[in-house]
Amino acid sequence: MSGLLATLTLAAGLGDYAVPILIGLGVVVVVISLLVMRGKRQPKEPVFSDPFERLEHALGKTRGGILDGLRRAIGSQELSEQVIDSLDEILIQADIGPTTTQTLLDGLKESFRKGTLSNHADVLAFLRAQLIERLGGEVPKLAKADSGPTVILVCGVNGAGKTTSIAKLTRHLAEEGHRVLLCASDTFRAAAVEQLRTWAERLSVEIVLGQQNQDPAAVAHDAHEKAVAKNFDYLIIDTAGRLHTDKNLMGELEKIARVGKKHIAESPHEVLLVLDATTGQNGVRQAAAFSESIPVTGLFLAKIDGTARGGIVVVIREELGIPVKFVGLGEQPTDIAPFDATRFIDGLLGRLPTTAS
Ligand SMILES: Nc1nc2c(ncn2[C@@H]2O[C@H](COP(=O)(O)OP(=O)(O)OP(=O)(O)O)[C@@H](O)[C@H]2O)c(=O)[nH]1
Ligand SMILES: [Mg+2]
């Protein structure tokens with residue numbers, strides 16, 4: 001009421017200018033309110049200055065779990081073999097796996113006995129060095145045909161992240177200057193074809209589309225023909241999600257893999273299995289089962305941003321012997337990092353302080 005009175009008094013005082021001024025003020029208030037509401041609705045996307053920052057950000061949940069755990073266990077008390085033993089829970093929770101965890105604890109105790117380990121920072125440095133060594137060595141690069149198109153067949157269980165990972169890989173390869181052709185061999189659902197078509201449009205690449213329920217191998221056949229005829233650098237084939245336990249569907253995958261050989265003898269040059277990092281140890285079982293049907297040459301570990309168990313990479317390395325070639329860091333085409341052991345462990349445990357010797 002008093003606000004209204006004040007406004008009327010002000011209007012009377014302003015004479016002929018009252019109406020335009022009040023309308024102007026009203027517009028300014030509405031615009032400011034809309035901007036404030038918009039800001040609240042859309043949380044700001046973090047901006048990354050380099051790809052490693054993106055990886056570091058995605059591994060934040062796992063890193064937080066490990067570092068908080070270490071701080072709680074050894075931050076305020078003296079190191080002892082008992083304290084070292086208590087670290088197993090932290091490492092297992094991060095999905096580093098029982099075998100590696102035990103080896104790491106044994107190594108920590110040995111160093112402690114020798115007197116080379118006395119505090120929190122020493123433990124962290126030991127873990128970093130050991131994990132880098134275990135994951136280290138040359139990671140084989142994505143396959144590249146000596147001549148003609150390189151064919152990448154992408155497979156995995158339902159919802160693992162195949163189609164989104166293909167979008168990321170496409171962008172990654174296009175950035176490197178390659179011409180990419182996509183193939184929508186997931187013909188089970190019209191929505192699946194549509195999803196890949198939308199990505200092709202957004203990324204400005206060509207696509208061979210399958211009709212719903214068409215034989216996925218027939219679509220792959222057409223795509224090979226086109227890839228050769230138009231001399232594409234890469235052909236990436238999306239397939240329907242399938243349970244690794246379903247023999248018929250696994251047979252269909254073998255057929256898709258076989259059909260292209262008529263056009264490109266070495267096809268597929270790369271069979272990328274997409275694993276959902278949030279499924280933890282189950283992903284390891286999936287990979288073992290897929291490998292029985294089709295020679296999986298590399299892993300795309302998707303959704304590492306959605307889990308506090310990023311240590312699964314270590315178990316995969318230990319148990320499967322299939323290299324992780326890429327890591328998925330979110331839902332956008334830019335959310336991809338080629339796998340690099342040192343960078344991954346830096347993301348997992350935090351970077352070394354720059355002043356460290
Ligand atoms: N946070 C996060 N989400 C992801 C990532 N990769 C994929 N997703 C999401 O996971 C969901 C499933 O992804 P899709 O790419 O459709 O999975 P798909 O394996 O092709 O699924 P089907 O074709 O149904 O078997 C979507 O909501 C994606 O946005 C990732 O790296 N991080
Ligand atoms: Mg899909």
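Author: Hello! Two residues are in contact if their C-beta atoms, placed from the backbone, lie within 7 Å. This is a predicted model, where local features need pLDDT of at least 70 and side-chain atom pairs count only at 80 or more, while totals for chains, interfaces and linings use all residues. Residues are numbered from 1 along each chain as written, and chains are lettered from A and ligands numbered from 1 in written order.

Reader: Which residues of α12 are buried?

Author: A residue is buried if 20 or more other C-beta atoms lie within 10 Å of its own, exposed at 12 or fewer, and partly exposed in between. In α12 the buried ones are Leu253, Ile256, Ala257 and Val259. Their cover includes β1 (150–155), α11 (216–229), β4 (234–238), β5 (270–276) and α13 (281–293). These names follow DSSP runs counted from the N terminus: helices (H or I, at least four residues) and strands (E, at least two).

Reader: In what order do the strands form the sheet?

Author: Strands pair through backbone hydrogen bonds, parallel or antiparallel. Pairing here needs at least two DSSP bridges. Eight strands make an open, mixed sheet, ordered β3-β2-β4-β1-β5-β6-β7-β8. β3 (206–209) and β8 (336–338) are the edges; each has a single partner strand, so one side of each lacks a neighbour in the sheet.

Reader: How many bridges join β1 to β5?

Author: Four, and the two strands run parallel. Val154 is opposite Leu272 of β5.

Reader: Which strands does α13 lie across?

Author: α13 lies across β1, β5 and β6 (298–302), at about 155 degrees to β5. Such angles run from 0 to 180 degrees between N-to-C directions, with axes fitted to C-alpha atoms, for helices over the stretch in contact.
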